[in-house]
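Biologist: Thanks for sitting down with me. Could you walk me through this model and show me what stands behind each label?

Modeller: Gladly. Let's take it one label at a time.

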Amino acid sequence: MQALYQQRIYRLLTRDSRLASRTLALVPHDLAKVSRDLLAAQRELYRLTPPIGVQAIKVGRPRPAPELLRYYREAQRRFGVAWNVLAAVNLVETKFGKLRSPSAAGAQGPMQFMPATWRRYGLGGNVQDAHDAILGAANYLHASGASKDLRNALHHYNPSSAYVDAVLRYARRISADRKMFYALYNWQVFVKTPRGDRRVTGPGLP
């Protein structure tokens with residue numbers, strides 16, 4: 001529940017820039033610095049997200065956080081893409097696998113691959129499987145030149161500067177404090193619908 005309360009606070013501050021400015025002026029410097037990254041990432045992603053109908057939303061339980069960490073680290077060893085970057089992509093794409101719906105463009109799985117891209121970089125795995133999808137994402141980012149220019153590689157993954165900025169902000173915060181990964185893992189899925197935002201995972205829901 002604490003993660004959900006934290007998430008709701010950030011969502012409120014994301015919608016009200018004046019309140020955010022007043023609030024961040026009152027909190028310790030380090031917390032304000034973290035919060036500015038989280039708020040900026042949320043604003044950038046919200047602008048990118050089109051409304052979807054409730055009937056199109058599918059959700060499920062993600063793999064346990066320690067298991068996902070093992071997958072990120074395996075992918076880092078194999079392809080040289082930092083684990084925190086893979087975690088940030090997983091967060092941005094599907095809240096670590098909680099959101100199961102295909103994207104509006106038809107991307108699938110916890111790391112949201114288009115079918116043609118998955119055939120090329122998915123290593124013969126199952127796009128819906130977290131382990132296979134994380135390895136595939138690392139393979140794709142590596143092939144896109146992540147070791148030399150991570151920003152450009154992420155732009156290949158999703159050709160939006162706002163997306164790239166959001167991923168890098170989350171990755172920076174996860175890298176700076178491992179507890180942030182666990183906090184973000186416990187954030188829930190809020191979906192933008194034509195009738196407003198709707199929470200579809202977490203406490204109090206079927």
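Modeller: Let's start at F96, which is placed in the loop between α5 and α6. Please keep in mind that this is a predicted model.

Biologist: Why is F96 called buried?

Modeller: The relative accessible area of F96 is 2%. Buried means under 20%, so F96 counts as buried.

Biologist: What is the phi of F96?

Modeller: F96 has a positive phi of about 65°, although F96 is not a glycine. K95 is placed in the loop between α5 and α6 as well, and K95 has a positive phi of about 50° without being a glycine.

Biologist: What makes K95 partly exposed?

Modeller: K95 has a relative accessibility of 23%. The class runs between under 20% for buried and over 50% for exposed, so K95 counts as partly exposed.

Biologist: Which residues have the most contacts inside the largest nonpolar core?

Modeller: They are Y72, L86, F96, Y157, Y170 and F181, in a core of 58 residues.

Biologist: How do you know that Y72 is in contact with residues beyond its neighbours in sequence?

Modeller: Contact means heavy atoms within 4.5 Å. Leaving aside neighbours within four places in sequence, Y72 is in contact with W83, L86, A87, N90, F96, I134 and F181.

Biologist: Now for two glutamines. Why does Q112 count as buried?

Modeller: Q112 lies in the loop between α5 and α6. Its relative accessibility is 13%, and with the cut-off at under 20%, Q112 therefore counts as buried.

Biologist: Which backbone atoms does the side chain of Q112 reach?

Modeller: The side chain of Q112 reaches the backbone nitrogen of S103 at 3.4 Å and the backbone oxygen of G109 at 2.9 Å. Leaving aside neighbours within four places in sequence, the contacts of Q112 are E93, T94, S101, P102, S103, A107 and Y157.

Biologist: And where is Q188, and why is Q188 called buried?

Modeller: Q188 sits in the loop between α10 and β1. Its relative accessibility is 11%, and the class needs under 20%, so Q188 counts as buried.

Biologist: What makes the link between Q188 and T201 a polar contact?

Modeller: The side chains of Q188 and T201 are joined at 2.7 Å. A polar contact asks for a pair of N or O atoms within 3.5 Å, one able to donate a hydrogen and the other to accept it, so the link qualifies. The side chain of Q188 also reaches the backbone oxygen of N186, at 3.1 Å.

Biologist: Which residues is Q188 in contact with, apart from its neighbours within four places in sequence?

Modeller: L4, Q7, K95, K98, R199, T201 and G202.

Biologist: Where is G202, and what makes G202 partly exposed?

Modeller: G202 is in the segment after β2. Its relative accessible area is 29%, between the 20% and 50% cut-offs, so G202 is partly exposed. G202 and M1 are 201 residues apart in sequence and 8.5 Å apart in space, C-alpha to C-alpha.

Biologist: Why is V59 called partly exposed?

Modeller: V59 has a relative accessible area of 37%, which again falls between 20% and 50%, so V59 is partly exposed. V59 is placed in the loop between α3 and α4 and is in contact with K98, L99, R100, V200 and T201, neighbours within four places aside.

Biologist: Which residues lie nearest the centre of the second largest pocket?

Modeller: V59, V200, T201, G202 and P206, out of 13 lining residues. That pocket has a volume of about 410 Å³, and its lining has 5 nonpolar, 4 polar and 4 charged residues.

Biologist: How much space lies in the largest pocket?

Modeller: About 1,400 Å³. The largest pocket is lined by 45 residues, and the closest to its centre are L45, T49, P50, V92 and E93. The largest share of the lining, 6 residues, comes from α3. By class, the lining has 24 nonpolar, 13 polar and 8 charged residues.

Definitions and conventions:
Residues numbered from 1 in each chain as written. Predicted model: local features only at pLDDT ≥ 70, side-chain atom pairs only at ≥ 80, totals over all residues. Heavy atoms only, no water. 1 Å grid on protein atoms, 1.4 Å probe; cavity = no way out; pocket = protein on both sides within 12 Å on 5 of 7 lines; lining within 4 Å. Points joined across faces, edges and corners; volume = space filled by probe spheres on them. Helix = DSSP H or I, 4+ residues; strand = E, 2+ residues; numbered from the N terminus. Nonpolar A, V, L, I, M, F, W, Y, C, P; charged D, E, K, R; others polar. Core = buried A, V, L, I, M, F, W, Y, C linked by side-chain atoms within 4.5 Å. Buried < 20%, exposed > 50% of the residue type's maximum accessible area, 1.4 Å probe, protein only.
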